[in-house]
Amino acid sequence: AGACLRGVECNFAHGPHELMVGSMDADYAKRPKTTSIDFAGLDHSGRASRSFNVPKPQVSILMTDALRDLLSEVTGVSEVQWDRERARAVLVGNPAQLDKATGLLQRATVHCQWGLSEQKIRSVFRPRTDYRSARLRFSPMSPAMKECTTSLTEGRPQMSIGSEASNTLRIKGATVSRTHAVVELEQRKGAVYVCDMSTNGTFLNGRRLPPKASGKVMLSHGDELLFQDPTAPGGHEFGYMVNIEMS
């Protein structure tokens, strides 16, 4: 753009030496200003890399070839590198893929604080959304407690445990709240979760669950669910072994 020395009727393109002095300056002044884009962290294909720290006790179970391949498959990341020595996962992909991959790793490592297994990680990475019900059997760890079997479905996704008679599983004890815990089937995640509703705490595999305001934790087949601190006298038996059948 610029004013041609030959006049406004000229329809040919010219170099700067054939334009009026100052005409290009005025034209450039009208153009919108641009902002430089920072492509740090991107390679020539537009991919970025991101690292994720894995708790050291989980490295041997999580950082396997099979789980690496599964994470790549469900998120679309182009590369997953397991750095076992530094307990770190290095991911390569576009921003959306990296967000999904780090989100799944975050969920898996959090839930595995209350019981570590490859099956649990797989169910986080690729949940079975075709499950419609869960049959739960609570086998008492103390002869003073009664056994309970119940099913959770789409129409009845929750059950409660506590001292009140209205609970699905009623237990009595000095540390038991009226509604002590709630167990729930989440179909879209293909899993069963437990939420602590008590004052004195609910313990899953020896570790206290977070308070209800902080969320719920995945409950797996073979877990130990206790309603008293396991370090207290008799506390390691005041609860149930949980058996879960998904269908």
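## Ser-123 and helix H5

Ser-123 sits in helix H5. Helices (H or I, at least four residues) and strands (E, at least two) are DSSP runs, numbered from the N terminus. This is a predicted model: local features need pLDDT of at least 70, side-chain atom pairs count only at pLDDT 80 or more, and totals for chains, interfaces and linings use all residues. Residues are numbered from 1 along each chain as its sequence is written, and side-chain values use heavy atoms, with hydrogens and water left out.

Is Ser-123 buried or exposed? Ser-123 is buried, with a relative accessible area of 17%. Buried means under 20% relative accessible area, exposed means over 50%, and partly exposed lies in between (1.4 Å probe, protein chains only). The side chain of Ser-123 reaches the backbone oxygen of Lys-120 at 2.7 Å. That is a polar contact: a pair of N or O atoms within 3.5 Å. Within protein, one atom must be able to donate a hydrogen and the other to accept it, and residues adjacent in sequence count only if both atoms are side-chain atoms. Leaving aside neighbours within four places in sequence, Ser-123 is in contact with Lys-189 and Met-218. Contact means heavy atoms within 4.5 Å.

Ser-123 is one of the buried residues of H5; the others are Lys-120, Ile-121, Val-124 and Phe-125. These buried residues pack against helix H2 (59-62), H3, H4 and strand S12 (217-219).

## H5 beside H3

Two packed helices are described by the angle between their axes and the distance between the axes. Helix H3 covers residues 65-75, and helix H5 covers residues 118-125. They pack at an angle of about 10 degrees, with their axes 10 Å apart. That makes H3 roughly parallel to H5. Angles under 35 degrees count as roughly parallel, over 145 as roughly antiparallel, 65 to 115 as roughly perpendicular and the rest as oblique. Axes are lines fitted to C-alpha atoms, for helices over the stretch in contact, and angles run from 0 to 180 degrees between N-to-C directions.

Which residues in H3 and H5 meet? From H3 come Ala-66, Leu-67, Leu-70, Leu-71 and Val-74. From H5 come Glu-118, Ile-121, Arg-122 and Phe-125. By class, this contact has seven nonpolar, no polar and two charged residues. Ala, Val, Leu, Ile, Met, Phe, Trp, Tyr, Cys and Pro count as nonpolar; Asp, Glu, Lys and Arg count as charged; the others, Gly among them, count as polar.

## Helix H4

Helix H4 (residues 95-111) has 17 residues. H4 reaches 24 Å from its first C-alpha to its last, close to the 24 Å expected at 1.5 Å a residue. The expected span is 1.5 Å times one less than the number of residues.

Asn-94 caps the N-terminal end of H4. A side-chain oxygen of Asn-94 lies 3.1 Å from the backbone nitrogen of Ala-96. The buried residues of H4 include Leu-98, Ala-101, Leu-104, Leu-105 and Ala-108. Gln-97, Thr-102, Thr-109 and His-111 are also among them.

## Residues in loops

Val-54 lies in the loop between strand S1 (48-53) and H2. Val-54 counts as buried, at 5% relative accessibility. Not counting residues up to four places away in sequence, Val-54 touches Val-59, Leu-62, Met-63 and Ala-87. Ala-87 is in another loop, between strand S2 (79-83) and strand S3 (88-93). Ala-87 is buried too, at 4%. Ala-87 has a positive phi of about 50 degrees although it is not a glycine.

Asn-205 also has a positive phi, about 55 degrees, without being a glycine. Its loop runs between strand S10 (203-204) and strand S11 (207-208). Asn-205 counts as partly exposed, at 31% relative accessibility. Gln-187 lies in the loop between strand S8 (181-186) and strand S9 (191-196). Gln-187 is buried at 18%. Gln-187 and Tyr-131 are 56 residues apart in sequence and 6.4 Å apart in space, C-alpha to C-alpha.

## Leu-225 and the whole chain

Leu-225 belongs to strand S13 (residues 224-226). Its relative accessible area is 0%, so Leu-225 is buried. Beyond four places in sequence, Leu-225 touches residues including Phe-138, Ile-161, Val-194 and Val-242.

The protein has five helices and 14 strands. Of its 247 residues, 41% count as buried. Residues 24 or more positions apart account for 47% of the contacts with a separation of 6 or more.
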